[in-house]
Amino acid sequence: MEEQRPDIPDKLYFRIGDVSKLAGIKPYVLRFWETEFPGLGPKKSGKGHRLYRRKDVELVLEIKRLLYEKRFTIEGARKHLDARPRNAALKTVEASGKKAKRGQGDLFRDPAPVIAGIRKELTEILEILR
């Protein structure tokens with residue numbers, strides 16, 4: 001019986017407590033996994049707080065699935081994760097029927113169409129004001 005993946009809130013950074021609640025595991029488990037899985041490396045704030053990105057949260061959920069549901073060993077899970085393509089975690093989330101609301105890649109799309117639309121609206125407003 002596969003566990004339903006939780007919806008990941010649409011924010012840039014998550015604290016360790018947030019990730020712990022989302023994944024249903026204790027914070028010390030997350031800290032241990034950071035030492036065992038090289039791909040899991042949250043940034044640290046100026047005060048030393050761990051800040052996980054969306055891709056880190058998705059990786060935590062995948063690690064949990066491999067260890068708890070598929071019964072991989074830590075070494076086996078590490079090898080499995082190393083053998084898959086880089087964007088496989090995103091594909092796994094999408095295949096489970098959930099659509100990513102906004103990925104970090106969306107932040108770097110071509111802004112020209114948006115800017116052109118804003119310019120047009122501002123020009124229309126300027127004409128109205130004249």
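At what angle do the axes of helix H3 and helix H4 cross? In this predicted model, which is numbered from 1 along each chain as its sequence is written, local features need pLDDT of at least 70, side-chain atom pairs count only at pLDDT 80 or more, and totals for chains, interfaces and linings use all residues. Side-chain values use heavy atoms, without hydrogens and water.

The axes of H3 (residues 54-69) and H4 (residues 74-83) cross at roughly 130 degrees and come within 10 Å; axes are lines fitted to C-alpha atoms, for helices over the stretch in contact, with angles from 0 to 180 degrees between N-to-C directions. On the H3 side, the contact (heavy atoms within 4.5 Å) is made by Leu59, Glu62, Ile63, Leu66 and Leu67, and on the H4 side by Ile74, Ala77, His80 and Leu81.

The protein has six helices and three strands, taken as DSSP runs of at least four residues (H or I) and at least two (E). From the N terminus, the order is β-α-α-β-β-α-α-α-α.

Of the 130 residues, 29% count as buried, meaning under 20% relative accessible area with a 1.4 Å probe, protein chains only.

Note on methods. Buried < 20%, exposed > 50% of the residue type's maximum accessible area, 1.4 Å probe, protein only.
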